[in-house]
Amino acid sequence: HGYLPELVDLEHNVNMRAAFVAAGPGIRKQGPVAGVRAIDLAPTIAFMLGIPGPQNARGEILYNLTTGQGRYKELTVLQISDYHGQLIPLSEAADTLGPSFPIGGAAFLKQWFDVYRAEAKEGVLTVAAGDSVGATPPISNFFGDTPTIEIMNMMGFTSDGLGNHNFDSGQTYLRTVLIPLANFPYITANIVNPSTGKTPPEWSPSRVWNFEGFKLGIVGFSNENLTDLIFPGNLDPFVVMPIVPAVNTEAARLRAKGVKMVLAIGHEGATDGTFNNPTGPLINVADAAVGVDAVLGDHSDFQTISYRPNGVLVTENRSKGIRFTRLRLVLDASTQSVVYKTADWHKPWNIGLTPDPAIQARINELNAQLAPILGTVIGSSTKFIPRADQCGNGAGRTCESLVGNVTTDAMRLKYSSIGVQFAITNSGGLRADLTCPTTDNPSDFCPPYTPSPYLVTRGQVLAVLPFGNVVVTLDVNGAELKTMLENGVSRMPAVDGRFPQVSGLCFTYDIAAPAGSRVTSAVMTDALGNCTATAVDLTAATMYRIAENDFMASGGDGYPFFTPRMTTQDIMDQVLADYIAANSPVAPFVLAAPNGRINCTDSNGAAAPNCPALVPSP
């Protein structure tokens, strides 16, 4: 019971009220206790039993039911991971059958945080652990990421860390522009000046918060491979030291100063395993941590709550604010020791929620400022670049398309200097024509013009790639590459967003073969994009470096889950915009089978399924 606890109509046998009777060891003898909610029972019972509470549910721990009333001090920590300046909501399906709904966004996250802040007991902190800036959507990156810091202040963050993307614009910009805007400290113990062995004044290895009856210390850490993921020189003169010695040394220092509760919060993540039993760098840190009660992670877009054998609680969230975790740590004031810890994770749906008015007003102002920027012409094309593919499908989801070729060419060429040979993206992520419409529309981000050439504005690029996806690079073997291509054509001839657009290779598939066994061959392309006779080895014997988007790498549209091995690069729309600007007028082309990038064959003749008919773009 509990949806309508005040609904009592005994005349009609309706009574939504319920009684909870608590008795036994640890339960205080007293009269009726008012205000007990059904959602409070499970976390309270878990506390009394000394077991973890529900991992995806709300509710308070009712200390007033216990014989230790007044003895326990509860700290609440609200955590997001890898925020990447996602100030505006994203969308997500609530289940496998229903439609998508808005989720996250700063104005709505603030309201969710306030719900749990109102329930917090002795204290509450709101934390992140790096990459809150960098690889951000236009509403942040167009303004040098200063809006993210400003709005994190409004959201009530109490600390942040440093990840690789914090240094996208270099350490000088970070230290002199972004960090000074923050009303909260930046914490990491293992990025230091080698000449002193200490952190610079802009960040510190740890911080201590004073609450009534106890102190809490937070030790920060950054990913050890940070320098491999940023532009060379962006960190100089600072260096990254090993995490575990830095964390353990700082935790011991805090303990020696009388701090009884210590958290390690940093930019490493879980990369494999299950929700409750993950593996990866974050888990390695937690398992080796000494003098730390909980380790809060970031960086890898992995959702986990895990209790390690050494008693350390580990948490991490999906990125971009589409998940958050509430941790509660309970201190016994009489012994000044942590006696209980639990965590629960949540999806911040926007359904039925009013956005924070001040944050929403600021977001509206930023969007208004973006309008003239998005109307800027950044380049042109020798021909119209439609979303529709060469088979005439308006959504571009059955055949090779001009917008797919241009987008994947941009991805491949951007990272060719680090060895990327192929690029692949899902057609479902390409949502508009890249070139401006030839008929003027006063409400779009395009000026009136007469082709040729065909104009491209910043707004059109964002219309093509509206999701804020990030390009990632990774190494795959030929068999894994084949699995990706097989997934892309597995639903053909049905129209499906997983249909692939590619660069650097041409491949052929048999639409009559069973899904998973359709791709028959692949070859390299030359510098002009023409198919060659050089075969791509589709076995595990050969390794290739590819670029794809982070949605696909995380298993989206049925693609292989490659998140643990991916390296996050740049925001995808910026990669495309840079390519257009540098190569205008671009001259995209598609070729009909069997010379195109994606070639369909049909081994069963007239019987279904059949290859879609080609209608080449002009």
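**Close-up 1. Residues at the contact between helix 4 and helix 8 in the predicted model.** On the side of helix 4, the residues taking part are Pro-147, Glu-150, Ile-151, Met-154 and Met-155, and these meet Ala-358, Ile-359, Arg-362, Ile-363 and Leu-366 of helix 8. Sorted by class, this contact of helix 4 with helix 8 comprises eight nonpolar residues and two charged ones, with no polar residue among them.

**Close-up 2. Packing geometry of helix 4 and helix 8.** Two packed helices are described by the angle between their axes together with the distance that separates those axes. Here helix 4, which covers residues 146-155, and helix 8, which covers residues 357-374, pack at an angle of about 165°, and their axes lie 10 Å apart. Because angles over 145 degrees count as roughly antiparallel, helix 4 is described as roughly antiparallel to helix 8. The crossing in which helix 4 passes helix 8 is right-handed.

**Close-up 3. The second largest pocket and the residues closest to its centre.** This pocket has a volume of about 980 Å³. It is lined by 38 residues, of which Asp-168, Leu-229, Phe-231, Gln-569 and Asp-570 are the closest to the centre of the pocket.

**Close-up 4. Elements and residue classes in the lining of the second largest pocket.** At least two lining residues come from each of helix 5 (171-181), strand 22 (470-477), strand 28 (567-571) and helix 13 (572-583), and strand 28 gives the most, with five residues. Divided by class, the lining of the second largest pocket holds 14 nonpolar, 15 polar and nine charged residues.

Conventions. Residues numbered from 1 in each chain as written. Predicted model: local features only at pLDDT ≥ 70, side-chain atom pairs only at ≥ 80, totals over all residues. Heavy atoms only, no water. Axes fitted to C-alpha atoms, helices over the stretch in contact; angles between N-to-C directions. Helix = DSSP H or I, 4+ residues; strand = E, 2+ residues; numbered from the N terminus. Parallel < 35°, antiparallel > 145°, perpendicular 65-115°, else oblique. Left-handed = near helix turned anticlockwise from the far one by under 90°. Contact = heavy atoms within 4.5 Å. Nonpolar A, V, L, I, M, F, W, Y, C, P; charged D, E, K, R; others polar. 1 Å grid on protein atoms, 1.4 Å probe; cavity = no way out; pocket = protein on both sides within 12 Å on 5 of 7 lines; lining within 4 Å. Points joined across faces, edges and corners; volume = space filled by probe spheres on them.
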